[in-house]
Amino acid sequence: MTIEELLEKYATGVLDFSGSELAEVNLSGTKLSGVNLSDANLSVANLSGINLTDADLSYARLNVARLSGANLAGAILNNCSLNVANLMRADLTRTQLRQASFIRAELIRTDFSRADMCEANLNSADLREATLRQANLRRANFNEANLRGSCLREANLEMANLSAADLTSSDLSGANLRDSELRQANLCMANLSGADLTGANLRWADLRGANLIWADLSGAKLSGANLTGADLTNANLTNASLVHANLTQSKLIKVEWMGADLTGSTLTGAKLYATPRFGLKIEGIKCEWVDLSPTGDRSIIQNFNDEELRDFFNATPPTIRIIVDLPLEHEANFVLAGTYYQIAQEYQGLIQPPSLEISSRRTVFTFRVDSDEALLPTAFMAILPFKDATATQKVIYTLVDMIRQEAVTKTSFKSPVIAEKLMLLIEETINKSKTIKQTKKNLEVAAKLRFFKAPTQTILTNSSAQSLTIYDHPNFGKRFVNRYSSSNADDNISGESEYIMPSLKMIIDFVKGFYVIHQQ
(Lines give C-alpha, C1' and ligand atoms only; values in the text may rest on other atoms or scores of the structure.)
Protein backbone atom coordinates (compact mmCIF):
# COMPACT_ATOMS: atom_id res chain seq x y z
CA MET A 1 0.00 0.00 0.00
CA THR A 2 1.33 3.43 -0.97
CA ILE A 3 1.19 6.46 1.31
CA GLU A 4 -1.25 8.13 -1.06
CA GLU A 5 -3.66 5.16 -0.88
CA LEU A 6 -3.50 5.06 2.89
CA LEU A 7 -4.18 8.77 3.29
CA GLU A 8 -6.98 8.70 0.69
CA LYS A 9 -8.77 5.83 2.48
CA TYR A 10 -8.25 7.48 5.87
CA ALA A 11 -9.83 10.67 4.51
CA THR A 12 -12.96 8.68 3.60
CA GLY A 13 -13.26 7.29 7.16
CA VAL A 14 -11.34 4.01 6.81
CA LEU A 15 -9.37 3.35 10.01
CA ASP A 16 -8.36 -0.29 9.76
CA PHE A 17 -4.90 -0.71 8.24
CA SER A 18 -3.81 -3.58 10.46
CA GLY A 19 -0.98 -5.72 9.13
CA SER A 20 0.02 -3.13 6.50
CA GLU A 21 3.53 -3.20 5.07
CA LEU A 22 4.78 0.38 5.49
CA ALA A 23 8.51 0.00 6.06
CA GLU A 24 10.58 3.12 5.32
CA VAL A 25 7.49 5.24 4.46
CA ASN A 26 7.44 8.96 5.12
CA LEU A 27 4.35 10.00 7.10
CA SER A 28 6.01 12.94 8.78
CA GLY A 29 3.54 15.55 10.06
CA THR A 30 0.42 13.62 9.01
CA LYS A 31 -2.67 13.13 11.16
CA LEU A 32 -3.83 9.56 11.66
CA SER A 33 -5.69 9.89 14.95
CA GLY A 34 -7.60 6.73 15.91
CA VAL A 35 -6.09 4.65 13.10
CA ASN A 36 -5.64 0.88 13.47
CA LEU A 37 -2.08 -0.07 12.54
CA SER A 38 -1.85 -3.14 14.74
CA ASP A 39 0.71 -5.68 13.55
CA ALA A 40 1.83 -3.24 10.83
CA ASN A 41 5.45 -2.99 9.73
CA LEU A 42 6.67 0.60 10.07
CA SER A 43 10.36 -0.15 10.55
CA VAL A 44 12.71 2.69 9.56
CA ALA A 45 9.64 4.84 8.76
CA ASN A 46 9.75 8.62 9.13
CA LEU A 47 6.91 9.47 11.51
CA SER A 48 8.32 12.68 12.95
CA GLY A 49 5.58 14.99 14.23
CA ILE A 50 2.83 12.52 13.29
CA ASN A 51 -0.47 12.61 15.19
CA LEU A 52 -1.40 9.08 16.26
CA THR A 53 -3.54 9.94 19.28
CA ASP A 54 -5.79 7.06 20.35
CA ALA A 55 -4.37 4.89 17.53
CA ASP A 56 -3.95 1.12 17.83
CA LEU A 57 -0.36 0.06 17.13
CA SER A 58 -0.31 -3.11 19.20
CA TYR A 59 2.26 -5.65 17.94
CA ALA A 60 3.42 -3.10 15.32
CA ARG A 61 7.08 -3.06 14.30
CA LEU A 62 8.64 0.39 14.54
CA ASN A 63 12.30 -0.53 14.84
CA VAL A 64 14.67 2.32 13.93
CA ALA A 65 11.59 4.48 13.13
CA ARG A 66 11.74 8.27 13.57
CA LEU A 67 8.98 9.47 15.89
CA SER A 68 10.55 12.63 17.28
CA GLY A 69 7.87 15.08 18.33
CA ALA A 70 5.12 12.54 17.55
CA ASN A 71 1.81 12.67 19.42
CA LEU A 72 0.81 9.20 20.61
CA ALA A 73 -1.27 10.28 23.61
CA GLY A 74 -3.79 7.61 24.54
CA ALA A 75 -2.55 5.23 21.85
CA ILE A 76 -2.28 1.45 22.24
CA LEU A 77 1.21 0.09 21.65
CA ASN A 78 1.09 -3.11 23.65
CA ASN A 79 3.79 -5.58 22.52
CA CYS A 80 5.00 -3.00 20.01
CA SER A 81 8.65 -3.15 18.92
CA LEU A 82 10.41 0.24 18.98
CA ASN A 83 14.04 -0.87 19.24
CA VAL A 84 16.57 1.85 18.34
CA ALA A 85 13.64 4.13 17.46
CA ASN A 86 13.87 7.91 17.93
CA LEU A 87 11.02 9.27 20.07
CA MET A 88 12.71 12.40 21.33
CA ARG A 89 10.14 14.85 22.80
CA ALA A 90 7.29 12.56 21.73
CA ASP A 91 4.01 12.64 23.68
CA LEU A 92 3.10 9.19 25.00
CA THR A 93 0.95 10.30 27.92
CA ARG A 94 -1.66 7.73 28.97
CA THR A 95 -0.29 5.37 26.29
CA GLN A 96 -0.62 1.60 26.68
CA LEU A 97 2.84 0.10 26.25
CA ARG A 98 2.57 -3.22 28.07
CA GLN A 99 5.48 -5.49 27.11
CA ALA A 100 6.61 -2.99 24.47
CA SER A 101 10.28 -3.06 23.51
CA PHE A 102 12.45 0.10 23.47
CA ILE A 103 15.92 -1.47 23.43
CA ARG A 104 18.52 1.32 22.84
CA ALA A 105 15.72 3.70 21.83
CA GLU A 106 16.23 7.49 21.98
CA LEU A 107 13.65 8.77 24.46
CA ILE A 108 15.19 12.07 25.50
CA ARG A 109 12.52 14.34 27.04
CA THR A 110 9.79 11.94 25.97
CA ASP A 111 6.61 12.25 28.05
CA PHE A 112 5.30 8.92 29.41
CA SER A 113 3.13 10.44 32.15
CA ARG A 114 0.51 7.96 33.41
CA ALA A 115 1.48 5.50 30.66
CA ASP A 116 1.03 1.77 31.27
CA MET A 117 4.47 0.27 30.61
CA CYS A 118 4.14 -2.90 32.64
CA GLU A 119 6.92 -5.35 31.68
CA ALA A 120 8.21 -3.00 28.97
CA ASN A 121 11.82 -3.54 27.87
CA LEU A 122 13.90 -0.34 27.94
CA ASN A 123 17.29 -2.00 28.11
CA SER A 124 20.05 0.57 27.40
CA ALA A 125 17.45 3.16 26.34
CA ASP A 126 18.29 6.87 26.53
CA LEU A 127 15.65 8.51 28.76
CA ARG A 128 17.51 11.64 29.80
CA GLU A 129 15.06 14.21 31.20
CA ALA A 130 12.14 11.98 30.23
CA THR A 131 8.88 12.29 32.17
CA LEU A 132 7.41 9.09 33.59
CA ARG A 133 5.25 10.67 36.29
CA GLN A 134 2.70 8.19 37.73
CA ALA A 135 3.56 5.68 35.00
CA ASN A 136 3.01 1.98 35.57
CA LEU A 137 6.48 0.48 35.19
CA ARG A 138 5.92 -2.69 37.16
CA ARG A 139 8.48 -5.34 36.17
CA ALA A 140 9.83 -3.03 33.45
CA ASN A 141 13.45 -3.54 32.35
CA PHE A 142 15.68 -0.44 32.58
CA ASN A 143 18.96 -2.37 32.69
CA GLU A 144 21.81 0.08 31.92
CA ALA A 145 19.27 2.72 30.82
CA ASN A 146 20.17 6.41 30.99
CA LEU A 147 17.59 8.20 33.15
CA ARG A 148 19.65 11.22 34.18
CA GLY A 149 17.38 14.09 35.23
CA SER A 150 14.23 12.09 34.51
CA CYS A 151 10.98 12.51 36.42
CA LEU A 152 9.56 9.29 37.87
CA ARG A 153 7.51 10.94 40.60
CA GLU A 154 4.91 8.56 42.07
CA ALA A 155 5.68 5.98 39.37
CA ASN A 156 5.07 2.30 40.04
CA LEU A 157 8.43 0.54 39.66
CA GLU A 158 7.62 -2.48 41.77
CA MET A 159 9.95 -5.36 40.87
CA ALA A 160 11.42 -3.29 38.02
CA ASN A 161 14.98 -3.98 36.85
CA LEU A 162 17.14 -0.85 37.10
CA SER A 163 20.49 -2.60 37.38
CA ALA A 164 23.38 -0.29 36.48
CA ALA A 165 20.88 2.37 35.35
CA ASP A 166 21.97 6.01 35.51
CA LEU A 167 19.41 7.88 37.63
CA THR A 168 21.62 10.84 38.52
CA SER A 169 19.52 13.82 39.71
CA SER A 170 16.31 11.99 38.81
CA ASP A 171 13.06 12.60 40.71
CA LEU A 172 11.68 9.40 42.24
CA SER A 173 9.79 11.05 45.09
CA GLY A 174 6.84 8.98 46.24
CA ALA A 175 7.68 6.21 43.77
CA ASN A 176 6.91 2.55 44.46
CA LEU A 177 10.19 0.65 44.18
CA ARG A 178 9.26 -2.36 46.31
CA ASP A 179 11.50 -5.35 45.54
CA SER A 180 13.05 -3.47 42.63
CA GLU A 181 16.52 -4.33 41.30
CA LEU A 182 18.88 -1.34 41.60
CA ARG A 183 22.19 -3.14 41.87
CA GLN A 184 25.06 -0.77 40.94
CA ALA A 185 22.56 1.91 39.91
CA ASN A 186 23.73 5.52 39.93
CA LEU A 187 21.33 7.47 42.16
CA CYS A 188 23.71 10.30 42.95
CA MET A 189 21.70 13.41 43.98
CA ALA A 190 18.44 11.59 43.18
CA ASN A 191 15.23 12.60 44.97
CA LEU A 192 13.79 9.50 46.64
CA SER A 193 11.88 11.29 49.38
CA GLY A 194 8.88 9.28 50.52
CA ALA A 195 9.73 6.46 48.11
CA ASP A 196 8.87 2.87 48.99
CA LEU A 197 12.08 0.85 48.64
CA THR A 198 10.99 -2.05 50.82
CA GLY A 199 13.09 -5.09 49.97
CA ALA A 200 14.84 -3.29 47.10
CA ASN A 201 18.30 -4.47 46.00
CA LEU A 202 20.63 -1.45 46.16
CA ARG A 203 23.90 -3.35 46.51
CA TRP A 204 26.85 -1.20 45.43
CA ALA A 205 24.46 1.58 44.34
CA ASP A 206 25.75 5.15 44.27
CA LEU A 207 23.46 7.22 46.53
CA ARG A 208 25.82 10.10 47.27
CA GLY A 209 23.84 13.19 48.22
CA ALA A 210 20.53 11.44 47.56
CA ASN A 211 17.36 12.67 49.23
CA LEU A 212 15.83 9.73 51.12
CA ILE A 213 13.75 11.70 53.63
CA TRP A 214 10.85 9.55 54.92
CA ALA A 215 11.81 6.79 52.47
CA ASP A 216 10.90 3.22 53.44
CA LEU A 217 14.01 1.05 53.10
CA SER A 218 12.91 -1.70 55.47
CA GLY A 219 14.50 -4.98 54.47
CA ALA A 220 16.42 -3.25 51.67
CA LYS A 221 19.82 -4.59 50.58
CA LEU A 222 22.36 -1.76 50.69
CA SER A 223 25.58 -3.75 51.09
CA GLY A 224 28.49 -1.79 49.63
CA ALA A 225 26.24 1.17 48.76
CA ASN A 226 27.74 4.66 48.83
CA LEU A 227 25.46 6.93 50.90
CA THR A 228 28.01 9.67 51.53
CA GLY A 229 26.12 12.88 52.36
CA ALA A 230 22.73 11.28 51.73
CA ASP A 231 19.74 12.63 53.69
CA LEU A 232 17.86 9.78 55.39
CA THR A 233 15.97 11.90 57.92
CA ASN A 234 12.98 9.95 59.27
CA ALA A 235 13.75 7.05 56.92
CA ASN A 236 12.81 3.48 57.81
CA LEU A 237 15.83 1.14 57.68
CA THR A 238 14.37 -1.61 59.84
CA ASN A 239 16.17 -4.90 59.14
CA ALA A 240 18.06 -3.33 56.22
CA SER A 241 21.46 -4.71 55.22
CA LEU A 242 24.13 -1.99 55.22
CA VAL A 243 27.17 -4.29 55.30
CA HIS A 244 30.26 -2.31 54.25
CA ALA A 245 28.04 0.62 53.25
CA ASN A 246 29.58 4.10 53.24
CA LEU A 247 27.44 6.43 55.39
CA THR A 248 30.10 9.13 55.81
CA GLN A 249 28.44 12.43 56.80
CA SER A 250 25.02 11.04 55.94
CA LYS A 251 21.99 12.54 57.69
CA LEU A 252 20.42 9.82 59.83
CA ILE A 253 18.29 12.06 62.04
CA LYS A 254 15.31 10.23 63.61
CA VAL A 255 15.98 7.12 61.52
CA GLU A 256 14.29 3.87 62.53
CA TRP A 257 16.79 1.05 61.99
CA MET A 258 16.10 -1.66 64.52
CA GLY A 259 17.64 -4.90 63.27
CA ALA A 260 19.81 -3.18 60.65
CA ASP A 261 23.12 -4.85 59.80
CA LEU A 262 25.91 -2.24 59.84
CA THR A 263 28.78 -4.75 59.82
CA GLY A 264 31.91 -3.13 58.40
CA SER A 265 30.08 0.08 57.50
CA THR A 266 31.56 3.59 57.77
CA LEU A 267 29.64 6.24 59.74
CA THR A 268 32.24 8.93 60.36
CA GLY A 269 30.52 12.32 60.49
CA ALA A 270 27.00 10.86 60.37
CA LYS A 271 24.24 12.99 61.87
CA LEU A 272 22.48 10.86 64.49
CA TYR A 273 20.23 13.18 66.46
CA ALA A 274 17.27 11.35 68.09
CA THR A 275 18.30 8.10 66.38
CA PRO A 276 18.10 4.91 68.47
CA ARG A 277 21.42 3.13 69.00
CA PHE A 278 20.25 -0.32 69.98
CA GLY A 279 19.27 -3.47 68.13
CA LEU A 280 22.03 -3.00 65.53
CA LYS A 281 24.73 -5.33 64.18
CA ILE A 282 27.95 -3.30 64.36
CA GLU A 283 30.90 -5.69 64.08
CA GLY A 284 33.82 -3.97 62.38
CA ILE A 285 32.02 -0.61 62.17
CA LYS A 286 34.25 2.40 61.37
CA CYS A 287 33.39 5.75 62.94
CA GLU A 288 35.72 8.48 64.21
CA TRP A 289 32.99 10.94 65.21
CA VAL A 290 29.28 11.67 64.84
CA ASP A 291 27.16 14.81 64.88
CA LEU A 292 24.44 14.75 67.58
CA SER A 293 23.09 18.29 67.08
CA PRO A 294 19.33 18.66 66.40
CA THR A 295 19.89 20.40 63.05
CA GLY A 296 23.06 18.60 61.99
CA ASP A 297 25.15 21.77 62.30
CA ARG A 298 28.04 20.07 64.17
CA SER A 299 27.38 22.04 67.34
CA ILE A 300 27.41 18.75 69.31
CA ILE A 301 30.16 16.35 68.31
CA GLN A 302 30.86 12.91 69.80
CA ASN A 303 34.37 11.56 69.24
CA PHE A 304 35.25 7.91 69.76
CA ASN A 305 37.98 5.51 70.54
CA ASP A 306 37.27 1.83 69.80
CA GLU A 307 35.79 1.07 73.24
CA GLU A 308 33.60 4.18 73.27
CA LEU A 309 32.35 3.34 69.78
CA ARG A 310 31.19 -0.11 70.85
CA ASP A 311 29.45 1.33 73.91
CA PHE A 312 27.76 4.04 71.85
CA PHE A 313 26.28 1.66 69.29
CA ASN A 314 25.43 -1.02 71.85
CA ALA A 315 23.01 1.22 73.68
CA THR A 316 20.03 -0.21 75.51
CA PRO A 317 16.50 0.97 74.71
CA PRO A 318 15.58 3.89 77.01
CA THR A 319 12.63 2.79 79.17
CA ILE A 320 10.27 4.02 81.85
CA ARG A 321 8.99 1.54 84.41
CA ILE A 322 6.02 2.37 86.59
CA ILE A 323 5.64 -0.25 89.31
CA VAL A 324 2.27 -0.31 91.09
CA ASP A 325 2.04 -1.98 94.51
CA LEU A 326 -1.11 -3.94 93.61
CA PRO A 327 -1.99 -6.58 91.02
CA LEU A 328 -3.97 -5.25 88.07
CA GLU A 329 -7.70 -5.86 88.25
CA HIS A 330 -9.99 -6.26 85.24
CA GLU A 331 -11.86 -3.01 85.83
CA ALA A 332 -8.64 -1.06 86.32
CA ASN A 333 -7.15 -2.63 83.17
CA PHE A 334 -10.15 -1.49 81.13
CA VAL A 335 -10.00 2.05 82.52
CA LEU A 336 -6.22 2.23 82.08
CA ALA A 337 -6.39 1.26 78.39
CA GLY A 338 -8.97 3.98 77.73
CA THR A 339 -6.99 6.54 79.73
CA TYR A 340 -3.71 5.96 77.87
CA TYR A 341 -5.58 6.05 74.56
CA GLN A 342 -6.97 9.48 75.45
CA ILE A 343 -3.57 10.71 76.63
CA ALA A 344 -1.94 9.53 73.39
CA GLN A 345 -4.35 11.73 71.42
CA GLU A 346 -2.61 14.74 72.97
CA TYR A 347 0.86 13.27 73.53
CA GLN A 348 2.35 11.17 70.72
CA GLY A 349 5.08 9.82 73.01
CA LEU A 350 2.54 7.39 74.48
CA ILE A 351 1.00 6.24 71.22
CA GLN A 352 2.54 2.78 71.75
CA PRO A 353 0.99 0.91 74.70
CA PRO A 354 3.32 -0.25 77.49
CA SER A 355 4.35 -3.85 78.06
CA LEU A 356 2.75 -5.36 81.15
CA GLU A 357 3.95 -7.72 83.88
CA ILE A 358 1.54 -8.79 86.64
CA SER A 359 2.44 -10.75 89.76
CA SER A 360 0.37 -11.61 92.82
CA ARG A 361 1.59 -8.43 94.51
CA ARG A 362 2.53 -5.89 91.87
CA THR A 363 2.00 -4.60 88.34
CA VAL A 364 4.87 -3.30 86.17
CA PHE A 365 4.25 -1.05 83.16
CA THR A 366 7.26 -0.59 80.84
CA PHE A 367 7.25 2.23 78.29
CA ARG A 368 9.94 2.29 75.62
CA VAL A 369 10.92 5.69 74.20
CA ASP A 370 12.97 6.67 71.17
CA SER A 371 15.60 8.80 72.90
CA ASP A 372 17.07 9.58 76.31
CA GLU A 373 15.73 13.13 76.13
CA ALA A 374 12.17 11.74 75.97
CA LEU A 375 12.48 9.85 79.28
CA LEU A 376 11.55 12.62 81.72
CA PRO A 377 8.73 14.25 79.70
CA THR A 378 7.20 10.86 78.83
CA ALA A 379 7.39 9.75 82.48
CA PHE A 380 5.67 13.02 83.42
CA MET A 381 2.75 11.99 81.19
CA ALA A 382 2.78 8.22 81.83
CA ILE A 383 2.18 8.64 85.59
CA LEU A 384 -0.86 10.87 84.98
CA PRO A 385 -3.61 8.25 85.74
CA PHE A 386 -2.19 7.53 89.22
CA LYS A 387 -2.63 9.37 92.50
CA ASP A 388 1.15 9.60 92.76
CA ALA A 389 1.14 11.75 89.62
CA THR A 390 1.35 15.06 91.50
CA ALA A 391 4.35 14.00 93.58
CA THR A 392 6.13 12.28 90.70
CA GLN A 393 5.62 15.23 88.34
CA LYS A 394 6.92 17.60 90.99
CA VAL A 395 10.10 15.50 91.26
CA ILE A 396 10.54 15.47 87.47
CA TYR A 397 10.20 19.25 87.21
CA THR A 398 12.63 19.72 90.09
CA LEU A 399 15.13 17.32 88.49
CA VAL A 400 15.07 19.23 85.22
CA ASP A 401 15.49 22.53 87.02
CA MET A 402 18.48 21.12 88.92
CA ILE A 403 20.02 19.97 85.65
CA ARG A 404 19.48 23.43 84.16
CA GLN A 405 21.07 25.20 87.14
CA GLU A 406 24.02 22.81 87.11
CA ALA A 407 24.58 23.44 83.41
CA VAL A 408 24.57 27.20 84.04
CA THR A 409 26.82 27.26 87.13
CA LYS A 410 29.22 24.36 86.59
CA THR A 411 31.70 24.51 83.73
CA SER A 412 32.48 20.82 84.31
CA PHE A 413 28.95 19.88 83.27
CA LYS A 414 29.01 20.50 79.53
CA SER A 415 25.38 19.79 78.72
CA PRO A 416 23.61 23.16 78.34
CA VAL A 417 21.92 22.00 75.13
CA ILE A 418 20.45 18.96 76.88
CA ALA A 419 19.36 21.08 79.86
CA GLU A 420 17.63 23.66 77.69
CA LYS A 421 15.91 20.99 75.62
CA LEU A 422 14.70 19.09 78.70
CA MET A 423 13.24 22.25 80.22
CA LEU A 424 11.44 23.08 76.98
CA LEU A 425 10.06 19.55 76.67
CA ILE A 426 8.85 19.53 80.28
CA GLU A 427 7.11 22.89 79.89
CA GLU A 428 5.35 21.64 76.74
CA THR A 429 4.34 18.45 78.56
CA ILE A 430 2.96 20.41 81.52
CA ASN A 431 0.69 22.38 79.19
CA LYS A 432 -0.52 19.21 77.50
CA SER A 433 -1.16 17.48 80.83
CA LYS A 434 -3.32 20.41 81.92
CA THR A 435 -5.39 20.04 78.75
CA ILE A 436 -5.76 16.30 79.34
CA LYS A 437 -6.87 16.78 82.94
CA GLN A 438 -9.53 19.25 81.83
CA THR A 439 -10.93 17.26 78.90
CA LYS A 440 -10.36 13.53 79.46
CA LYS A 441 -13.07 11.91 81.59
CA ASN A 442 -11.21 8.61 82.04
CA LEU A 443 -8.88 10.28 84.55
CA GLU A 444 -11.85 11.02 86.79
CA VAL A 445 -12.92 7.36 86.63
CA ALA A 446 -9.37 6.16 87.39
CA ALA A 447 -9.17 8.40 90.46
CA LYS A 448 -12.01 6.44 92.07
CA LEU A 449 -10.43 2.99 91.69
CA ARG A 450 -8.22 1.48 94.40
CA PHE A 451 -5.55 0.37 91.91
CA PHE A 452 -4.73 3.95 90.87
CA LYS A 453 -4.39 5.02 94.53
CA ALA A 454 -1.73 2.39 95.25
CA PRO A 455 1.90 3.41 95.99
CA THR A 456 4.14 3.51 92.93
CA GLN A 457 7.76 3.57 91.89
CA THR A 458 8.94 5.26 88.70
CA ILE A 459 12.32 4.11 87.38
CA LEU A 460 14.08 5.42 84.26
CA THR A 461 16.77 3.54 82.33
CA ASN A 462 18.82 5.48 79.77
CA SER A 463 20.57 4.19 76.64
CA SER A 464 23.77 3.67 78.64
CA ALA A 465 21.89 1.16 80.85
CA GLN A 466 21.99 3.51 83.85
CA SER A 467 18.86 3.51 86.01
CA LEU A 468 17.44 6.31 88.13
CA THR A 469 14.53 5.97 90.53
CA ILE A 470 12.82 9.32 90.28
CA TYR A 471 9.96 8.50 92.64
CA ASP A 472 9.44 5.86 95.33
CA HIS A 473 6.34 6.18 97.51
CA PRO A 474 7.34 5.91 101.20
CA ASN A 475 4.77 3.13 101.74
CA PHE A 476 5.70 1.14 98.63
CA GLY A 477 6.02 -2.55 99.54
CA LYS A 478 4.86 -2.14 103.14
CA ARG A 479 1.35 -3.52 102.86
CA PHE A 480 2.36 -7.01 103.95
CA VAL A 481 5.24 -6.03 106.21
CA ASN A 482 3.02 -3.88 108.47
CA ARG A 483 -0.03 -6.12 107.98
CA TYR A 484 -2.49 -3.29 107.77
CA SER A 485 -6.14 -4.03 108.17
CA SER A 486 -8.13 -3.72 104.94
CA SER A 487 -9.68 -0.45 106.06
CA ASN A 488 -6.37 1.07 107.09
CA ALA A 489 -4.73 -0.21 103.90
CA ASP A 490 -7.03 1.88 101.74
CA ASP A 491 -6.35 4.92 103.93
CA ASN A 492 -2.63 4.31 103.55
CA ILE A 493 -2.91 3.88 99.80
CA SER A 494 -4.87 7.06 99.36
CA GLY A 495 -2.81 9.13 101.80
CA GLU A 496 -0.64 12.11 100.80
CA SER A 497 2.42 10.93 98.92
CA GLU A 498 5.83 12.04 100.10
CA TYR A 499 8.96 11.65 98.09
CA ILE A 500 12.70 11.51 98.54
CA MET A 501 14.72 13.24 95.85
CA PRO A 502 17.65 11.43 94.26
CA SER A 503 20.99 13.11 94.93
CA LEU A 504 22.34 15.73 92.57
CA LYS A 505 25.29 13.48 91.73
CA MET A 506 22.94 10.62 90.73
CA ILE A 507 20.92 12.99 88.53
CA ILE A 508 23.94 14.48 86.77
CA ASP A 509 25.57 11.08 86.21
CA PHE A 510 22.32 9.82 84.71
CA VAL A 511 22.06 12.75 82.29
CA LYS A 512 25.75 12.51 81.36
CA GLY A 513 25.02 8.90 80.46
CA PHE A 514 22.80 10.11 77.63
CA TYR A 515 26.04 10.64 75.72
CA VAL A 516 29.42 12.23 76.37
CA ILE A 517 29.67 15.52 74.54
CA HIS A 518 32.85 16.98 73.12
CA GLN A 519 32.67 20.42 71.60
CA GLN A 520 34.32 20.51 68.20
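The model is predicted, with local features requiring pLDDT of at least 70 and side-chain atom pairs pLDDT 80 or more, whereas totals for chains, interfaces and linings use all residues. Residues are numbered from 1 along each chain as its sequence is written, and side-chain values use heavy atoms, with hydrogens and water left out.

Ser38 lies in the loop between helix 1 (3–11) and strand 1 (289–291); helices (H or I, at least four residues) and strands (E, at least two) are DSSP runs numbered from the N terminus. The relative accessible area of Ser38 is 14%, so the residue is classed as buried (under 20%, 1.4 Å probe, protein chains only). Beyond four places in sequence, Ser38 touches Ser18, Gly19, Asp56, Leu57 and Ser58 (heavy atoms within 4.5 Å).

In strand 3 (residues 319–324), 5 of 6 residues are buried. Strand 3 pairs (at least two DSSP bridges) with strand 5 (residues 363–368) in antiparallel fashion through 6 bridges, Ile322 standing opposite Phe365. Strand 6 (residues 456–461) is likewise antiparallel to strand 3, over 6 bridges, with Thr319 opposite Thr461.

Strand 5 also supplies at least two residues to the lining of the largest pocket, as do helix 4 (375–382) and helix 6 (416–439). Helix 6 gives the largest share, 5 residues.

Conventions
Buried means under 20% relative accessible area, exposed over 50%, partly exposed in between (1.4 Å probe, protein chains only).
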